[in-house]
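Biologist: I am new to this model. Can you walk me through how to read it?

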Amino acid sequence: MNLRKSSTDRLEQIYRLYEQKMYYLAFSILKDAGLSEDVVHDSILKIMNYLPGIKRVDSPQCRSLVMKITKTTAIDRYRTLHKELTSFEELDEEHLLVEENELEDFLDGINASRLIQQCVEEMPDSLKEIIKLKYYCQLSNQEIAQILEVSMDVVRKRDERLKRFIKEKAGDNYEP
């Protein structure tokens, strides 16, 4: 009974200590919040098999194991999704009917996506991190500060720089 309790405690400690880092890693691979959360939970279940060998949850070995399991789980999920998308793309053209207005909206979206992609490619990595964490993952400044191991003032300043960068690149088309 005591052995089971200590394993549960260690698993909870691992979850509390690494959950945000695991999520960030999964999100960087999958680019989807829901799938990333699923990967974190699947990874925790896989980590249960390694609990007897984990002596300290804050050790570099434990961190390495947790991140490796998370990465491989996210990559497996990505491959599974990619397979499903590939089979969808193989549908005949006659099954894909598109209204003229829908096509124009779709093309406008592609052009906007290209502009956004170009803007993101030109920005510094520190600003890209803010975009991923704040606007895709929808994390608070406090959570971002913990993940990046910086102060909240640094996060706020980077967010200000990000908005200024986008405003300069977008010009008159910028709407905050």
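Modeller: Start with the helices and strands. Both are DSSP runs, numbered from the N terminus: helices are H or I with at least four residues, strands are E with at least two. This is a predicted model, where local features need pLDDT of at least 70, side-chain atom pairs count only at pLDDT 80 or more, and totals for chains, interfaces and linings use all residues. Residues are numbered from 1 along each chain as its sequence is written, and side-chain values use heavy atoms, leaving out hydrogens and water.

Biologist: How many helices and strands does the protein have?

Modeller: The count is 7 helices and 0 strands. Along the sequence, the pattern reads α-α-α-α-α-α-α.

Biologist: Where is lysine 31 found?

Modeller: Lysine 31 sits in the loop between helix H1 (2–30) and helix H2 (33–47). Its phi is near 60°, a positive value in a residue other than glycine.

Biologist: Is lysine 31 buried or exposed?

Modeller: Buried means under 20% relative accessible area, exposed over 50%, partly exposed in between, with a 1.4 Å probe and protein chains only. Lysine 31 counts as exposed because its relative accessibility is 54%. Glutamate 149, at 64%, counts as exposed too.

Biologist: What share of the protein's residues count as buried?

Modeller: Of its 176 residues, 26% do.

Biologist: And how do I read contacts?

Modeller: A contact means heavy atoms within 4.5 Å. Take contacts between residues at least 6 apart in sequence: 66% join residues at least 24 apart.
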